[in-house]
Amino acid sequence: MVGFSTLNIYKFNSDNGKSRLGLFSGDTIVEKEYWGKSFALQASFVKYCLKFLIKNPFAEKYWLLISKGYKMYMLLAKKFVDYYPHPHRNEQMKPMIKDYCETLFPGYYNESQGILYFGDNYQSLKGGVAEIDDGLKSANSRISFFDEKNPN
């Protein structure tokens, strides 16, 4: 084994009475020497997502993702029209975000900042991995927005 990820499906409250499902994908860890060498993990994720979509045709579906680094956030920003947090829209998603964060991670959601905060001792990305510098922020407003929303 050279990597792993977490994956689960959750049911959430819906304002309109429809079923609301969230596909939660958590941390993904891959040995550094295998970065960019194999796409087996991505292919498995896509297959799982397709099955999820087919099995739940009438439910509202969301990808629930905790993004610790800007690269995953950029995947959302480039591939999806609606995502949260968004620099210019989707404030209507705030109640749902609060609901799922408090359901999955009770006590860790900072509502005023709109982020999960696990404390100062929480292990995040190691130094030298996907660090954000001033050049990245000035070259891409989405990266700057991500850094502003996620200062730690």
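Mentor: The following dialogue takes up the fold and then the cores. This is a predicted model, in which local features need pLDDT of at least 70 and side-chain atom pairs count only at pLDDT 80 or more, while totals for chains, interfaces and linings use all residues. Residues are numbered from 1 along each chain as its sequence is written, and side-chain values use heavy atoms, with hydrogens and water left out.

Trainee: In what order do the elements of the chain run from the N terminus?

Mentor: Helices (H or I, at least four residues) and strands (E, at least two) are DSSP runs, numbered from the N terminus. Here the order is β-β-α-β-α-α-β-β-α-α, with five helices and five strands. The radius of gyration, taken over C-alpha atoms, is compared with the globule rule, 2.2 Å times the number of residues to the power 0.38. For this chain of 152 residues the radius is 16 Å, close to the 15 Å of the rule, so the chain is as compact as a globular protein of that length.

Trainee: Which residues touch the most other members of the largest nonpolar core?

Mentor: A nonpolar core is a set of buried Ala, Val, Leu, Ile, Met, Phe, Trp, Tyr and Cys residues joined through side-chain atoms within 4.5 Å; buried means under 20% relative accessible area (1.4 Å probe, protein chains only). Of the 13 residues in this core, they are Ile97, Tyr100, Cys101 and Leu104. Helix α3 (residues 94–104) gives the most to this core, five residues. Another core, of ten residues, lies apart from it and includes Tyr70, Tyr73, Ala77 and Phe145.

Trainee: What is Tyr100 in contact with, beyond its neighbours within four places in sequence?

Mentor: Contact means heavy atoms within 4.5 Å. Tyr100 has Phe12, Leu64, Leu65 and Phe105 as such partners.

Notes: Buried < 20%, exposed > 50% of the residue type's maximum accessible area, 1.4 Å probe, protein only.
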